[in-house]
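This briefing is meant for someone meeting the structure for the first time. Please look over the sequence and the model before reading on.

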Amino acid sequence: MTTLITGADGYLGRRIATALAADDDLVLAVRAADDAELNRKRAKLAHLPGAEVVPADLRDGDPFAYVDPRRITRIVHAAALIRFDLERDRAEQVNVTGTARVREFAERCGDLDRLVFLSTLYAAGRRHGEVRETRLTDAGFANHYEWSKWAAEEVLLASDLPLTVLRLPTVIAEDDSGAIGQFNVFHHTLRLFHQGLLTLLPGDPATPLSLATAEFTVDAVLAMLAADPGIYHVCGGALPLGTVIDTAFTVFERDPAFQRRMLPRPLPCDRAAFLDLADAARRLRGGPLQPALTSMLPFAEQLYLPKTFRTDRLRAAWPGYREPDPVAVIAAATGALLAAPVERRRHAAAR
């Protein structure tokens, strides 16, 4: 079995490669502008002996020129730009056209058994209510990232390839310990609350949020490689937005320094009020609030669009399915977030 992983040096790609290394021959595709960057990325993946690391830029006309399609039996397409504030042209160039390049290569792999595409739950866009594990129509999108992942799904679903689409939630921790391997909009938003820079809660407190650990997500990828092709929602039990915030503030309030500042829990606000706040922040010169709100704004609209993601197919296809306790993971990740600045200062002092 020879598995090609795109974005193999990325947050999930690297972890998937590590999980497959014992049983698969690996071809790890990474984006590298020159030989120096390629060598740095090879060093980053040196813990995977025997894996072949090749340059592959999805913006190129033939990104897999260094890969023999006759060798490849499985592809895990993990490469993508994943920011919610992506510009339309960059989202299209990498996430949509780049996925078309993966499809073209996959169609040349005569022994291909499976193509797994890491999509996102946010490909559901502006729809609300129940979302099933099926192909989605265009319901409009809150940002270009959501649109690009939906459009990438469409590129692949229009083919006859043995395709598995995995719609992933936001990953907030490495595992049940709460350790943070990569910061994202979830962590940045909690920091705003902790610092007292944001006192309003954008969104309906009843809106369900699907959050996950990297361990759960990688385990799901491995399980779905062995399952029938299809579309799967890789998420466990969702929590209401209000419960997520209450859980985080319960952790905040254990900190004596936070207690002394006597910061209140944020008040829910409607979409119009939050947009007014964001507009006012844009007029401010300097300070942390303006860039923080700018990065949060493209995501915040989803907090007013409650969705419930069905996972019937995932649970049926994954015999060892076990979801983390979402409240425990959020509490642990919040604790790790508070400890992170302290740990950075300790490392800086030790250097």
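Which polar contact joins the side chains of Asp-24 and Arg-74, and at what distance? In this model, which is predicted, the side chains of Asp-24 and Arg-74 are joined by a polar contact of 2.4 Å.

**Asp-24 and its surroundings**

- Asp-24 sits in the loop between helix H1 (11-20) and E2, and with a relative accessible area of 10% it counts as buried, because the limit for that term is under 20%.
- A polar contact of 2.6 Å also links the side chain of Asp-24 with the side chain of Thr-3.
- When neighbours within four places in sequence are left aside, the residues in contact with Asp-24 are Met-1, Thr-3 and Arg-74.

**Strand E1**

- Five of the five residues of E1 are buried, so this strand is largely enclosed by the rest of the structure.
- Thr-2, which lies in strand E1, counts as buried at 11% relative accessibility.
- Not counting residues up to four places away in sequence, Thr-2 touches Asp-25, Val-27, Arg-71, Ile-72, Thr-73 and Arg-74.
- E1 pairs with E2 in the parallel sense over five bridges, and within this pairing Thr-3 stands opposite Leu-26 in E2.

**The sheet and the helices on it**

- Strands of a sheet pair through backbone hydrogen bonds, and the pairing can be parallel or antiparallel.
- Here seven strands form an open sheet with parallel pairing, in the order E3-E2-E1-E4-E5-E7-E12.
- Strand E3 (52-55) and strand E12 (230-233) stand at the edges and have a single partner strand each, so one side of each is left without a neighbour in the sheet.
- From one strand to the next, the twist of this sheet averages 20°.
- Strand E5 (residues 114-120) and strand E7 (residues 163-168) run parallel and are joined by six bridges, and Thr-120 is placed opposite Leu-168 in E7.
- Helix H2 (residues 35-44) packs on the sheet, where it touches strand E2 (25-30) and E3, and the direction of H2 makes about 150° with that of E3.
- Helix H3 (residues 88-106) likewise packs on the sheet, touching strand E1 (2-6), strand E4 (74-77) and E5, and the direction of H3 makes about 180° with that of E4.

**The largest pocket**

- Rolling a probe the size of a water molecule over the atoms shows where empty space is left.
- The largest pocket holds about 1,200 Å³ of space.
- Its lining is made up of 44 residues, and those that lie nearest the centre are Ala-80, Leu-81, Ile-82, Arg-83 and Gln-182.
- Two or more residues of this lining come from each of H1, E2, H2, H3, E5, helix H4 (144-157), strand E8 (170-173) and helix H5 (185-194), and H1 gives the most, with four residues.

**The cavities**

- The count of cavities of 30 Å³ or more comes to four, and the largest cavity has a volume of about 190 Å³.
- The largest cavity is lined by 17 residues, of which Phe-186, Thr-189, Leu-209, Leu-241 and Phe-299 are the closest to its centre.
- H5, strand E9 (200-202), helix H7 (241-252) and helix H10 (289-300) are the elements that give two or more residues to the lining of the largest cavity, and H5 gives the most, with five residues.

**Around helix H8**

- Arg-260 is found in helix H8 (residues 256-261), and its relative accessible area of 64% makes it exposed, because that term applies over 50%.
- Between Arg-260 and Val-27 there are 53 Å in space, C-alpha to C-alpha, and the two are 233 residues apart in sequence.
- Met-262 belongs to the loop between H8 and strand E14 (267-269), and it is exposed, with a relative accessible area of 70%.
- Although Met-262 is not a glycine, it has a positive phi of about 55°.

Terms used. Residues are numbered from 1 along each chain as its sequence is written. This is a predicted model: local features need pLDDT of at least 70, side-chain atom pairs count only at pLDDT 80 or more; totals for chains, interfaces and linings use all residues. Side-chain values use heavy atoms; hydrogens and water are left out. Two strands pair if DSSP finds at least two bridges between them. Axes are lines fitted to C-alpha atoms, for helices over the stretch in contact, and angles run from 0 to 180 degrees between N-to-C directions. Contact means heavy atoms within 4.5 Å. Buried means under 20% relative accessible area, exposed over 50%, partly exposed in between (1.4 Å probe, protein chains only). A polar contact is a pair of N or O atoms within 3.5 Å; within protein, one must be able to donate a hydrogen and the other to accept it, and residues adjacent in sequence count only if both atoms are side-chain atoms. On a 1 Å grid over the protein atoms alone, a cavity is a set of points where a 1.4 Å probe fits but cannot get out, and a pocket is an open set with protein on both sides within 12 Å along at least five of seven lines; lining residues have an atom within 4 Å of a point. Grid points are joined across faces, edges and corners, and a volume is the space filled by probe spheres set on the points.
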